[in-house]
There are 2 protein chains.
Amino acid sequence: MSKLYHVREFAKLAGVTVRALHHYDRLGLLRPSRTEAGYRLYYLRDLERLEQIVALKFLGIPLKQIRMMFHRGTNGMSDSLRMQRRVLEEKRRLLDSAIRAIEEAERATAPGNRPDSAILKKIIEVIEMQDNMDWSKKYYSEEAQDKIEERKKLWSPENQERWTKEWTDLFRDVEAGLGEDPASAKAQALAARWKKLVESFTGGDPQIAAGLSKMYQDRPNWPANMQQRMQPFSNKKVWEFIQRAFVAGKDPN
Amino acid sequence: MSKLYHVREFAKLAGVTVRALHHYDRLGLLRPSRTEAGYRLYYLRDLERLEQIVALKFLGIPLKQIRMMFHRGTNGMSDSLRMQRRVLEEKRRLLDSAIRAIEEAERATAPGNRPDSAILKKIIEVIEMQDNMDWSKKYYSEEAQDKIEERKKLWSPENQERWTKEWTDLFRDVEAGLGEDPASAKAQALAARWKKLVESFTGGDPQIAAGLSKMYQDRPNWPANMQQRMQPFSNKKVWEFIQRAFVAGKDPN
DNA sequence: CTTGACTCTGACGTTGCGTCAGGGTTGAAC
DNA sequence: GTTCAACCCTGACGCAACGTCAGAGTCAAG
């Protein structure tokens, strides 16, 4: 009874190409029987197998692994699926952030036809910010993360540029004044500028400030590109000077 | 001034591998100068280029296309990005449905360690339902789509199986009774069963019914696998008979 | 001069087929 | 019996973005 199919028929039946069937045959995923002349012959029960292959492929599972799943048919299916789900979720994370990067760049450069370089700069900026956010997350409590999300609304490109400039300037000024007495008016003025800049990030929130501090403590474990970007601010003497200035300011006897 | 870098240094600086730099060189994406001995030498300005490449690659744009974007630097950037966004969004759709398929299969087979074949069956079922939903969408109005979403809650595996069986049985019964008078009690009973089954899908909603009708009219354009699945219900005489029975039922003089 | 740390090019491997190319098979029409 | 269209077969190369040797040259230090 059970009808026999030649490749083309069978392929159409399952919605795949002939070449794919050849491929699965060679990989040992689905081996049909043969006519004397060597033509492939498929039975209907092969269709079930093929549908399973197609389904697992749709889930992004590599053919070799599919073969293994069939081969040593030990019920490892659900484990494989759990793993695959995590793989796919990770892929989705990356996809999402790529899409968001394009969206933000489009929004930011929408008015007027900016030159390509401006768009690219924006894209790079967004991507970098995303993965900075990503790894810096671990330093902040859940609540602090939410609050940062709130404050991100203030992070316009102009503001970011301004903050960068202010930090650079301040750092240079402190470096130049390292000889001063930390309790001096000059040093206190620098400390005040410093405090204000920190607050422009924390918004005065103590939880955000706590996370920021934790992050700073963990400098040695920062990813390479972050260390790179923080290079201009790596002079330890500056940090120590500001630290002393704060102490001197708080305890004025 | 502007420092010169050897491959390894430069690669570390940008967070890519040496091999990748070789590759970009060969593809003409980033050609460094060379020492007399043939060693690659990178300048700092090459870093900017490289960062752009990495960024575009992150967005999933193929290297060849990146090269073209640089090469004929005509401001096609924003167009490329718009296109790429759509590509990525499509990918995300597929990813999402793969993830949903796994999730649903896990939920459906969670209690107890089902054999692999049961899990696979569930996966296939979910995938097929998803893309049926996908293409059938175009036949329904927005409102009808929402209502269908509502009614999908009733689509338990048991119900689906039951409906399939009832349709198959009914179709067979009508086929057997094609000789009857459409106005006869027997024919009217069949028509009533038919009507009830349709309503089990539409829930009596006229908008859903309208979409269903549109879909039926468009049979010739159904995707192959759907035609395949509808094969058992393709006997035109059955549809015509039911049509006549409905007419006879409505107009009983 | 040797050694260790780099660098170079060339070439194969990976993933899932698409796409020829060269050559049999089959069933029907002439 | 032949011929023709329509299929079928098995290689083998191509694609994307590098990873991974392999064999060989370069450079600075000891």
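A residue is termed buried if 20 or more other C-beta atoms, placed from the backbone, lie within 10 Å of its own, exposed if 12 or fewer do so, and partly exposed in between. By this criterion Leu13(B) is partly exposed, because 17 other C-beta atoms lie within 10 Å. The structure is a predicted model, in which local features need pLDDT of at least 70 and side-chain atom pairs count only at pLDDT 80 or more, whereas totals for chains, interfaces and linings use all residues. Residues are numbered from 1 along each chain as its sequence is written, and chains are lettered from A and ligands numbered from 1 in the order in which they are written.

Leu13(B) is located in helix H1 of chain B, where helices (H or I, at least four residues) are DSSP runs numbered from the N terminus. When neighbours within four places in sequence are set aside, Leu13(B) is in contact with Tyr5(B) and Leu47(B), contact requiring that the C-beta atoms of two residues, placed from the backbone, lie within 7 Å. The C-alpha atoms of Leu13(B) and Met83(B), 70 residues apart along the chain, are separated by 31 Å.

Between the protein chains, 35 residues of chain B are in contact with 35 residues of chain A. On the side of chain B that touches chain A, at least two residues each are supplied by helices H3 (44-58), H5 (77-109), H6 (116-136) and H11 (224-230) of chain B, and H5(B) gives the most, with 16 residues. The residues of this side comprise 19 nonpolar, nine polar and seven charged, where Ala, Val, Leu, Ile, Met, Phe, Trp, Tyr, Cys and Pro count as nonpolar, Asp, Glu, Lys and Arg as charged, and the others, Gly among them, as polar.

Within chain B, the axes of H5(B) and H6(B), which are lines fitted to C-alpha atoms over the stretch in contact, come within 9 Å and cross at roughly 135°, the angle running from 0 to 180 degrees between N-to-C directions. H5(B) is therefore oblique to H6(B), since angles under 35 degrees count as roughly parallel, over 145 as roughly antiparallel, 65 to 115 as roughly perpendicular and the rest as oblique. The residues making this contact include Ser97(B) and Ala101(B) of H5(B) and Ala118(B) and Ile119(B) of H6(B).

DNA strand C is surrounded by 19 residues, the closest being Arg19(A), Ala20(A), Ala37(A), Arg8(B) and Arg40(B); a residue is near the strand if its C-beta atom, placed from the backbone, lies within 6 Å of it. H2(A) provides the largest share of this surface, three residues.
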